[in-house]
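Here is a short report on a helix contact and on paired aromatic rings. Please look over the sequence and the model before reading on.

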Amino acid sequence: MADPIKKKMLKEEVVTYAYLLLYIALSSGQIFFNKWVLSSKEINFPYPLGLTLLHMVFSSVLCFLLTKVFKIMKVEEGMTIEIYTTSVIPIGAMFAMTLWLGNTAYLYISVAFAQMLKAIMPVAVFILGVAAGLEVMSCRMLLIMSVISFGVLVASYGEINISWIGVVYQMGGVVGEALRLIFMEILVKRKGLKLNPISLMYYVSPCSAICLFIPWIFLEKPKMETHGMWNLQPVVLTLNSLCTFALNLSVFLVISHTSALTIRVAGVVKDWVVVLLSALLFADTKLTVINLFGYGIAIVGVAAYNNHKLKKEASRRVSDDSQEGQAILMAASSTPNR
């Protein structure tokens, strides 16, 4: 009996590690792929807005085919017009803003430096969370935010070829992502709706595509028509969009087979992989000791933040289970004996 159980456990561990490696590979690869497509020295498709719009249209079509035509996956129910207008549309708009500004930053700064700047994300999320009443200011959190901020400042100080335009774009993407996470928390906490990643992509992708399409008409469409860039590398752009969708799908697989702690640890590992590999793959990446030292400090702060959030979530689940158990006991005690 023990051998089949051990074999089953071993198989589950192998599958879990395979999903984690797939997530890290796809996430890192997608960042490099986007940089490669946008770079003037490589594919030379300098239209981050158009590229992001293509990703969202591709994702919308694939989600529709998978859920409504082939019915391989199921869209969770519970969505209403009120929830869509007050939660999904803001999430879609912020998601579009994050991807657009984040991809635009690659035109001005290196992949490694962009990744280092992303470490400031917990600070933006916490500040906006306090403003929205979702987080509470404390000495512990203030210390963690200070460590992360100090680390990012040191990493920025060590950057040799810094472009402030690229920094502004990347920080705009960070703010957009922080707002998206805040809206997501509001959707779950206040609206009571929990969606798996496929359902979320099904609802959010079309909204993000519309939000990107409007500025694309005015900002990039005239440039593309002038330079005749409509038919540039269609196979490459299709593969890039497919990789983006595969990345989102890998997140779904990782979340379904692991814990919140695992996905966050995998995210930190992925960040380091991107920073170190980018120095080998791209000529514009020049890492310094100050860069790595500052990023290391920031990552320590990020790890402390993730640990704090996970403990908070665990205590909330225990509290919810306890309240549910008390409610069941009260209901049982109030039932008359037959």
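Which residues in α5 meet which residues in α6? The model is predicted. On the α5 side they are Pro 122, Val 123 and Phe 126. On the α6 side they are Met 141, Met 145, Ile 148 and Ser 149. The residues of this contact divide into 6 nonpolar, 1 polar and no charged.

Two packed helices are described by the angle between their axes and the distance between the axes. Helix α5 covers residues 121–131 and helix α6 covers residues 139–157. Their axes lie 9 Å apart, at an angle of about 145°. The crossing of α5 and α6 is left-handed.

Now the aromatic rings. The structure holds 7 aromatic pairs. Two of them are set out here.

| Pair | Distance between ring centres | Angle between planes |
|---|---|---|
| Phe 32 and Phe 282 | 6.0 Å | 45° |
| Phe 33 and Trp 36 | 5.9 Å | 45° |

With planes at 45°, the pair of Phe 32 and Phe 282 is tilted. Phe 32 sits in helix α1 (residues 2–38). Phe 282 sits in the loop between α11 (260–281) and α12 (289–333). The pair therefore ties together parts that are 250 residues apart in sequence. Phe 32 is buried, with a relative accessible area of 10%. Phe 282 is buried too, at 9%.

The pair of Phe 33 and Trp 36 is also tilted. Both residues lie in helix α1, 3 residues apart, so about one helical turn separates them. Phe 33 is buried, with a relative accessible area of 16%, whereas Trp 36 is partly exposed at 35%.

Terms used: Residues numbered from 1 in each chain as written. Predicted model: local features only at pLDDT ≥ 70, side-chain atom pairs only at ≥ 80, totals over all residues. Heavy atoms only, no water. Phe/Tyr/Trp six-rings, centres within 6.5 Å; stacked < 30°, edge-to-face > 60°. Helix = DSSP H or I, 4+ residues; strand = E, 2+ residues; numbered from the N terminus. Buried < 20%, exposed > 50% of the residue type's maximum accessible area, 1.4 Å probe, protein only. Axes fitted to C-alpha atoms, helices over the stretch in contact; angles between N-to-C directions. Left-handed = near helix turned anticlockwise from the far one by under 90°. Contact = heavy atoms within 4.5 Å. Nonpolar A, V, L, I, M, F, W, Y, C, P; charged D, E, K, R; others polar.
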